[in-house]
Amino acid sequence: MMLLKNLETEKKMKKQYIALLLATKRKGIDNLIEWLETTDFFTSPASTNYHLSKEGGLLEHSLNVYDELLKEIVVEGLDINNSSLVIVSLSAIISLSKFI
């Protein structure tokens with residue numbers, strides 16, 4: 001039962017990640033998503049020994065970065081384009097995937 005719950009959570013996180021990227025309406029974002037699908041980004045751990053060292057950890061970490069950055073922007077009252085927030089926070093660690 002726990003495995004099924006984890007798979008459902010991973011699917012929801014992936015769906016959220018892709019929806020956030022698509023919402024930017026940036027040129028080439030479809031290509032980025034298509035390319036990500038050819039890598040292990042959505043299933044890789046964020047680390048092998050530390051935080052989120054589990055399947056889907058890299059994806060979860062990326063969404064956590066987005067959430068935390070969004071909170072800080074709101075708290076500080078900053079005027080930052082949401083599209084830029086999404087691109088910066090969600091693509092910051094794409095390079096950690098193995099590009100299989």
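**Overall form and selected residues**

Modeller: With 100 residues, a compact globule would have a radius of gyration near 13 Å, and the chain agrees with this at 14 Å. The radius is taken over C-alpha atoms, and the globule rule is 2.2 Å times the number of residues to the power 0.38. This is a predicted model, in which local features need pLDDT of at least 70 and side-chain atom pairs count only at pLDDT 80 or more, while totals for chains, interfaces and linings use all residues. Residues are numbered from 1 along each chain as its sequence is written, and side-chain values use heavy atoms, with hydrogens and water left out.

Colleague: Which pattern does the chain follow along its sequence?

Modeller: Helices (H or I, at least four residues) and strands (E, at least two) are DSSP runs, numbered from the N terminus. The chain has 4 helices and 0 strands. Read along the sequence, the pattern is therefore α-α-α-α.

Colleague: What percentage of the 100 residues is buried?

Modeller: Buried means under 20% relative accessible area, exposed over 50%, and partly exposed in between (1.4 Å probe, protein chains only). In the chain, the buried share of the 100 residues is 34%.

Colleague: Where around the axis of H2 do its buried residues lie, on the same side or on opposite sides?

Modeller: Helix H2 covers residues 29-36, and its buried residues are Ile 29, Ile 33 and Leu 36. They cover an arc of only 60° around the axis, which puts them on the same side of H2. The arc is that of the directions from the helix axis to the C-beta atoms.

Colleague: Which exposed residues does the face of H2 turned away from its buried side carry?

Modeller: The buried side of H2 holds Ile 29, Ile 33 and Leu 36. The face turned away from that side carries the exposed residues Asp 30, Asn 31 and Glu 34.

Colleague: Is Lys 25 buried or exposed?

Modeller: Lys 25 lies in the loop between helix H1 (2-23) and H2. Its phi is near 55°, a positive value in a residue other than glycine. Because its relative accessibility is 74%, Lys 25 counts as exposed.

Colleague: With which residues is Ser 62 in contact, leaving aside its neighbours within four places in sequence?

Modeller: Ser 62 is found in helix H3 (residues 57-76). Ser 62 is buried, with a relative accessible area of 0%. Contact means heavy atoms within 4.5 Å. Leaving aside those sequence neighbours, Ser 62 is in contact with Tyr 17, Phe 41, Ser 89, Leu 90 and Ile 93.
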